[in-house]
Amino acid sequence: MTAQNCAVLTMAGSDDGGVDRARRFRAAALPYLDDVYTLARYLMRNAADAEDAAQECLLRAFRHFETFRGGPIKPWLLAILRNVCRAEYGRRGMLTAATESLDEAEDCVEGVWGDNQGTPESIALRRFDAETVQRLIAQLPDQFRETIVLREINDLSYREIAEVIGAPVGTVMSRLARARALLREAWIAEEKGSTS
Amino acid sequence: MTCDEATVLLHALVDGELDAVHAREVEAHVAGCRRCAPQLAATRELRQAVQDTRLRYAAPDSLRASLERTVPAPAAATSRRSLLKGFAIGSLMSAAAAAGVTFVVLDEDRDSRILGDAVSAHLRSLQAEHLTDVLSSNQHTVKPWFNGRIDLAPPVVDLAAQGFTLIGGRLDYIDGKPVAALVYRRRVHVINLFVMQDVGSTLPFSRLETVQGFNILRWAEQGLNLLAVSDLNKVELKEFEQKFKAATQGAG
């Protein structure tokens, strides 16, 4: 058993109970509040739903704090948040059949760049303001959106992303490749749209 | 290495996820491949463009506040600490908790929530660096600090001469609403005095209660509800109330 496990067990079993546990939880979770909220914004796509989801996430995380096995708490929190968001999608019937076809699409990473996008001329991407890029990311399909956000914005490692989305590291890699290809396509389309 | 493999692995390369051996393999393939080289460059460029943009969102204050008020209250605490039952009910928990606390009528429910929140806020304030947002023993510094932060003007008085030293103030949350917290010290005892807007009923007289070993004294003045919580004994806490009232009425 690791030192961290010991600490967590002691905490959970301590007589000081709720108050002490709450204090530890807050101390552990507070630094990642922006991360939780950021992922919630990208998954839920609007501020009000994101706040609700983040709130529910914190509540659940606190309730299950003793099951947290130590190690970095950020992926653990984000995994809970993702479950909350997916449950909410499910409730709203937003977990679409498209999910399956996307799974198939993942397998054909080949050719994702298209024919003429690899040329040096098209490489330099224009910089957009944050709102524009946030919108481009928000338009990506669920699985690719969450993967690229976890990587580029929440700054998780592949292993941590795999933990959050409950998939093997290989899947993380192929989704990330596809997510970047899709984002780049959308980026270039946006450049063309906004210059014309 | 095939192009198919490289197409995926070059992402791992730019993300710094490959060990040295695999990194060299991917680089070697890409260097000699007309198809993969532009992909690597494009991936690096996209990554850079994304990193150059501020894409994080800041958690809204209301979320921060709800962490403060839902988490100290007591999902697990209700199961473990029967003492907490019935009063430390966070807004999100109330529905679930109410099922087990059927004898509580609505008003008492809110009343005990306030007491529970006050004790939680007091405990929280005793953690390092949580005690004050504005650190000053000068009432003329502390009082204006609340301007624009909260929609009430708390009565702030210096009671050093009477043995209660003003330490500072901060914002806190009770029953889901922002309140002004004034912090006083009596010897080693910290007194948190919460000043909140009167919602509904003003207390006709001051009331002394004990929750989790802390003494809580509540009274109303100037249309505001005041709640002092401390580990100070009841007699001296009562004395604090009287000195405070005398000073604010003198000042007003």
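**Strands and a buried phenylalanine**

Guide: In this predicted model, strand β4(B) and strand β7 (residues 224–230) of chain B run antiparallel and are joined by seven bridges.

Visitor: Which residue stands opposite Leu227(B)?

Guide: That residue is Phe194(B), with Leu227(B) belonging to β7(B).

Visitor: And how many bridges join β3 to β4 in chain B?

Guide: Seven bridges link β3 (residues 177–186) with β4 (residues 189–197), and these two strands of chain B also run antiparallel.

Visitor: What do β3(B) and β4(B) form?

Guide: They form a hairpin, with two residues between the strands. In the turn, Arg187(B) has a positive phi of about 50 degrees.

Visitor: Changing topic: where does Phe240(B) lie?

Guide: Phe240(B) is part of helix α9 (residues 234–251) of chain B.

Visitor: Why does Phe240(B) count as buried?

Guide: Phe240(B) counts as buried because it has 23 C-beta neighbours inside 10 Å, and the cut-off for a buried residue is 20 or more.

Visitor: Which residues does Phe240(B) touch, leaving out those up to four places away in sequence?

Guide: Phe240(B) touches Phe164(B), Ile191(B) and Ala228(B). From C-alpha to C-alpha, Phe240(B) and Ile191(B) are 9.3 Å apart, while in sequence they are 49 residues apart.

Visitor: What does the secondary structure of chain A come to?

Guide: Chain A has ten helices and zero strands. Of its 196 residues, 38% count as buried.

Visitor: In chain A, what share of contacts between residues at least 6 apart in sequence join residues at least 24 apart?

Guide: The share is 71%.

Note on methods. Residues numbered from 1 in each chain as written. Chains lettered and ligands numbered in written order. Predicted model: local features only at pLDDT ≥ 70, side-chain atom pairs only at ≥ 80, totals over all residues. Pairing = 2+ DSSP bridges. Helix = DSSP H or I, 4+ residues; strand = E, 2+ residues; numbered from the N terminus. Buried ≥ 20, exposed ≤ 12 C-beta atoms within 10 Å, placed from the backbone. Contact = placed C-beta atoms within 7 Å.
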